[in-house]
Amino acid sequence: MTPRIPKAEIPAELKENLIQQFGSAPEPVEVAFNHPGAAAASLDFAGRMSTWDAVDEGLKTYAHMAVAAQVGCSWCLDVNYFAALNQNLDPAKASQVPRWRESGVFTPLEREVMEYAEAMTTTPTTVTDELSASLLDQLGPAGLVELTVFVGFANLSTRVNTAHGVTSQGYSDACAIPLATRPEQPRVASPA
């Protein structure tokens, strides 16, 4: 699918760096550069988040994938599955994130992190005091703040990508195991 907004030219040095990192320039970045200030701010914040270390990178990857599966951002699932391989996460396990509730491969902490990510993504949010307290005990205050901000940014990214019509670029094609599909959720009809 072609993005709903045309791709813009991105600075040459940035494009070279992205191609070295991903093999091609990510479409969300190309689309975002229609507004260079917004693109730069988003990239800057994402870069700053990558330096945070209060929460394990694997947990954050699973959280982002859980958000992406819930929102329906195939680009984020694609690139985060690719990232999971680069973080030496088990690809068979990472492939199960879209159906984590039905899968028995995740630890209790991983399950709580994905539950938290989904609860933050639901509108209105459904984060409970109990879930928050459990994660606070396991991750500490800095860890829970980091996870919360990370999931908030994942929501921003996934929703922007889906609104812009950005879909999978095939980054996960290098992965030997395909991503599991998310189970169908019953749709509730809106009152007339």
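## Helix 4 against helix 8

In this predicted model, helix 4 and helix 8 (residues 129-164) pack with their axes 9 Å apart, at an angle of about 35°. Axes are lines fitted to C-alpha atoms, for helices over the stretch in contact, and angles run from 0 to 180 degrees between N-to-C directions. Helices are DSSP runs (H or I, at least four residues), numbered from the N terminus. The two helices cross in a right-handed sense, the near helix being turned clockwise from the far one by less than a right angle.

Ten of the contact residues are nonpolar, four polar and three charged.

## Helix 4 against helix 7

Helix 4 (residues 57-71) also packs on helix 7 (residues 108-121), at about 40° and with axes 8 Å apart. Among the residues in contact are Tyr62, Ala66 and Gln70 of helix 4 and Glu110, Val113 and Met114 of helix 7.

## Lys93

Lys93 lies in helix 6 (residues 91-94). Its relative accessibility is 15%, so Lys93 counts as buried (under 20% relative accessible area, 1.4 Å probe, protein chains only). Leaving aside residues up to four places away in sequence, Lys93 touches Tyr62, Val105, Phe106, Thr107 and Glu110.

## Basis of the values

Residues are numbered from 1 along each chain as its sequence is written, and side-chain values use heavy atoms, without hydrogens and water. Local features need pLDDT of at least 70 and side-chain atom pairs count only at pLDDT 80 or more, whereas totals for chains, interfaces and linings use all residues.

Key:
Contact means heavy atoms within 4.5 Å. Buried means under 20% relative accessible area, exposed over 50%, partly exposed in between (1.4 Å probe, protein chains only). Ala, Val, Leu, Ile, Met, Phe, Trp, Tyr, Cys and Pro count as nonpolar, Asp, Glu, Lys and Arg as charged, and the others, Gly among them, as polar.
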